[in-house]
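Here's a quick briefing on a ligand site and a pocket. Have a look at the model first, then read on.

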Amino acid sequence: PLVASSDPSLNSASLPDNFVWGIAASSYQIEGAAKDEGKGPSVWDLIAHRDIGAVADNSTGDVVGSHYYLYKQDFARLAKLGVPYFSPSLSWPRFFPFGNGPLNQEGVAHYDDVIASMVSAGIKPAVTLFHWDTPLALFNSYGAWSDPKIVDDFFNYAKFVITRYDKYVPIWYTFNEPQYCNWQYQYYPSGRLYPSYNNISTGLPARIACSHHTLLAHAKVSKWYHEDFKGTGRITFKNSGNFYEAADPLSPADVDAVARNYEFVLGWFGGCWRDGDYSPMLKKTLGTMLPVLSTEEKEMIKGSCDFFGIDAYTGYIATSIPGGSAACAANSSHPAFPECANSASLGTDGFPLGPAGDNGVSWLYSTPTGIRKFLNVIMKELFPTATDVVVSEFGFAEPFEGEQTSLQTILWDLRRADYYQSFLDNILLARTIDGVNVTGLFAWSIFDNFEWFAGSKVKFGVQYLNYTSMERVPKASMFQFVDWFKGKVGSGENVGNGNGTGMG
Ligand code: PNW
């Protein structure tokens, strides 16, 4: 490895052979082929094309890495490197161009071959059903996530995909980061395009309605998966959340700010591991803004997650903001965080990536010791009924725009390599020293891609992508990541087919 382990004792620490590790990605961010082979538009096609200025460099997901056409080469590369799992998302509007109704046979044939190719390359799929590319038709017909009708439309899409691929897929994620219903317009087009979007049919604030319907859709699919379909894999969703530490551990207000952050981010969707209901803190703060869950719905939500999935990139310091919860309550249609959580954020250790605006990743600090503490907090304090936790995404973006002077600088991504080394070490410490049952982890992401509102300005890839030639080149961090597992868990030679073709 390029970067030495922070603790030499970790070099001899081992992980079980069934430890789940791999690389994650999502359909709109890597596939391209946005208008090909019968795919219907998603809200992200609309945002990227029509909400001028929403995406920092006006780039789109039309082409990005063309993974839609180059998947076999991508799987061959992963197999050659010995990466045992790949965690992509599938595109709902490729299967159902209108979100419901007619099935697109070309899309089905495509994903049949994607899954078959992955499996024959020796790579196990951990599949996300929804990673923000809401079929546009559903938005236009009933407001998509704001409306309860989406629960059944998602359920039908999920049933189709799971029924077809379950025998190849050991891990299913229904949703990527339902928290993004609340934070930003990731699940539906921005208010600039649809200023009256809030309160379309239910009267609920759009963000809260979106969170509510996402939670119900997840629970409905999960219940069906186990009780009716009797699937052989595990199913859950990917949370988005980060570690918080009180600015002043002796200040009750700061300690409370930490608790509020966790509750508003993870607790909101935490009914799986609790009694299925929204928590007292949410009810108290949001009052009538929060929908009431029926007994039946609570029963469905409770226990609907087979493990705790957490996308954890960084860590923050929380300080209480005087009047924060009042500001939250006053802003009913737009309960913005961190006001509702009553906290502010600051990197805890490591290094920031530079100012916001420059590269759009002001939220990301390298906070390796935070992940160890965070995993402890999740499993011991917040959700002690969860059996195990998988870090379903972590990753790092660099360098700053201005620093990308040559391909050599890009490929020698030592800060990212350092992030990977120390993040992995701390995840292992949580497992071996603290006894937290961490059963897997996924790096974000397979190659530089379309980073949502930051477009192609922010690059998370462990492989460089040439956006013109489509060439991928592994960065130092890719080798850092893969090498870390050597000697700790069944190594590369045993997991992929290792012959580098992976073509089946
Ligand atoms: C994830 N945060 O989102 C998404 O799942 C990916 O699609 C995305 O490309 C990746 O992270 C990198 O941004 C997050 O502020 C974005 O802590 C921001 C945060 C967490 C997750």
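A polar contact here means a pair of N or O atoms within 3.5 Å. With that in mind, tryptophan 444 is worth a look: an N or O atom in its side chain is 3.1 Å from an oxygen atom of the ligand. Keep in mind that this is a predicted model.

**Around the ligand**

- On its own the ligand exposes 450 Å², and the protein buries 93% of that.
- There are 16 residues around the ligand, and the ones that come nearest are Gln29, His131, Asn242, Glu451 and Trp452.
- Sorted by class, that shell holds seven nonpolar, five polar and four charged residues.

**The second largest pocket**

- This pocket has a volume of about 240 Å³.
- It's lined by 13 residues, with Val258, Ala259, Tyr262, Val377 and Glu381 closest to the centre.
- Strand 6 (243–246), helix 10 (252–265) and helix 14 (368–382) are the elements that each give two or more residues to the lining.
- Which element gives the most to the lining of this pocket? That's helix 10, with five residues.
- The lining of the second largest pocket splits into 10 nonpolar residues and three charged ones, with no polar residues.

Conventions. Residues numbered from 1 in each chain as written. Predicted model: local features only at pLDDT ≥ 70, side-chain atom pairs only at ≥ 80, totals over all residues. Heavy atoms only, no water. 1 Å grid on protein atoms, 1.4 Å probe; cavity = no way out; pocket = protein on both sides within 12 Å on 5 of 7 lines; lining within 4 Å. Points joined across faces, edges and corners; volume = space filled by probe spheres on them. Helix = DSSP H or I, 4+ residues; strand = E, 2+ residues; numbered from the N terminus. Nonpolar A, V, L, I, M, F, W, Y, C, P; charged D, E, K, R; others polar. Near = heavy atom within 4 Å. Polar contact = N/O pair within 3.5 Å; in protein donor to acceptor, adjacent residues only side chain to side chain. Areas by Shrake-Rupley, 256 points an atom, 1.4 Å probe, with all protein chains shown as cover.
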